[in-house]
Amino acid sequence: IPTVTRQDWHNYVANLHTHEYFPGIRAMGFSQRVLATDKTAHLHQIRTEGFPNYSIHQSGERHEYMPLVYLEPWETKYEKILGYDVYADPIRRAAAEHARDTGKATITSKITLVTDHETDTRPAFIMYLPIYRSGQPLQTIADRRSALRGFVTSGFFVEDVMQSIFGKETKLDLDFRIFDGATTARDQLMYDEPTENDYWNNYKPQFSKDIPLIIAEHTWTLQVLTLPKFDAVNRQQVPNFILLGGLFIS
C-alpha cells in the first residue's frame, strides 16, 4: 500500500501555498484510521518519528480510532494535539462518517478549532475528505467503510473565509450573516459582516432575505439585510422592485 510520509505531507502542503491561494484554510492535516488491534504498533511508529509523548486522545475504548497524525503548516504548539481523535467528538464524527459513507467532502457544524482553543474561539468548521485504499471496491457504503484509510482535514475560520471572498469591507451597503443550519437563531450565528450599526435590537432593515446554502454536504443560511444608508436612498424611491438579480424581492 503506498504510504505518504510526514515529509511528503509537509512538502505537499507547502507547495499549495495555502496562505496565498487559499487564505481561509487554517491548517491541513491527515487523520489515520487505526484499528484497536493495531493501536500499540501505531503509537510506537509515531513516537519513533520524533514525538515521544504521542498518544491517541480518545473517549473510551473502541474498535477503531481516527487520530490526527499530520498537520501543516507545522507549528510547535500543534504537537499537543497530534493524536486528537476525530471520533471522540460527536460533531466531528458525524461529518467524518458522512464523508466516509458518501465519498464526498463534508464540513462540520460550527465548532472551535482545537489548534486555537486557548487563544481564538471564533466560529470555525472542519472539512473532511475521505481517503480509501487504492484498488478497493467503493460501490457500496459497506465497501467504503471497509476501504477507508483516513481523512484529509482542513480547518477554517468562517471570518477568514468570508474576508477572502469579500475583502475586509464590502461597499454594497448590505450586511451579510451566515448561520449554521437552516435557522437564523442568534446562537447559530457564524459570521456577521462588520458594520457601524448594531441592529440585532435597534434597527429593522427595509429589506432582508434568508438564502439556504448547501456547502460540502452541510446546510448554512445566508442572511442578507440592507443597511441604513441603503434604506435612506431607496425607501421613498423604489417601493416594489427586484434587486441584485433577485437577491431581494419586496
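Which side chain of opposite charge is nearest to the buried residue Asp-180? In this predicted model, the nearest such side chain is that of Lys-110, at 6.8 Å. Asp-180 has no salt bridge, because a salt bridge requires a side-chain nitrogen of Lys or Arg within 4 Å of a carboxyl oxygen.

Asp-180 belongs to strand β8, which covers residues 174-180. A polar atom of the Asp-180 side chain lies 3.1 Å from the backbone nitrogen of Lys-110. Leaving aside residues up to four places away in sequence, Asp-180 touches Ser-109, Lys-110, Gln-188, Met-190, His-218, Thr-219 and Trp-220.

Elsewhere in the model, five strands form an open sheet in the order β4-β1-β7-β6-β5, with antiparallel pairing. Its edge strands are β4 (68-72) and β5, each of which pairs on one side only. Strand β1, residues 25-32, is joined to β4 by four bridges in the antiparallel sense, and Gly-29 stands opposite Leu-71 of β4.

The 13 residues of α4 (90-102) reach 18 Å from the first C-alpha to the last, close to the 18 Å expected at 1.5 Å a residue. Its buried residues are Arg-92, Ala-95, Ala-96, Ala-99, Arg-100 and Asp-101. In general, an α-helix has 3.6 residues a turn, so residues three or four places apart point the same way. The cover over the buried residues of α4 includes β3 (64-65), β5 (106-107), β6 (124-132), α5 (141-147) and β7 (148-157). After α4 comes Gly-103, with a positive phi near 80 degrees.

Note on methods
Residues are numbered from 1 along each chain as its sequence is written. This is a predicted model: local features need pLDDT of at least 70, side-chain atom pairs count only at pLDDT 80 or more; totals for chains, interfaces and linings use all residues. Side-chain values use heavy atoms; hydrogens and water are left out. Helices (H or I, at least four residues) and strands (E, at least two) are DSSP runs, numbered from the N terminus. The expected span of a helix is 1.5 Å times one less than its number of residues. Buried means under 20% relative accessible area, exposed over 50%, partly exposed in between (1.4 Å probe, protein chains only). Contact means heavy atoms within 4.5 Å. Lys and Arg count as positive and Asp and Glu as negative; His and the chain ends are not counted. A polar contact is a pair of N or O atoms within 3.5 Å; within protein, one must be able to donate a hydrogen and the other to accept it, and residues adjacent in sequence count only if both atoms are side-chain atoms. Two strands pair if DSSP finds at least two bridges between them.
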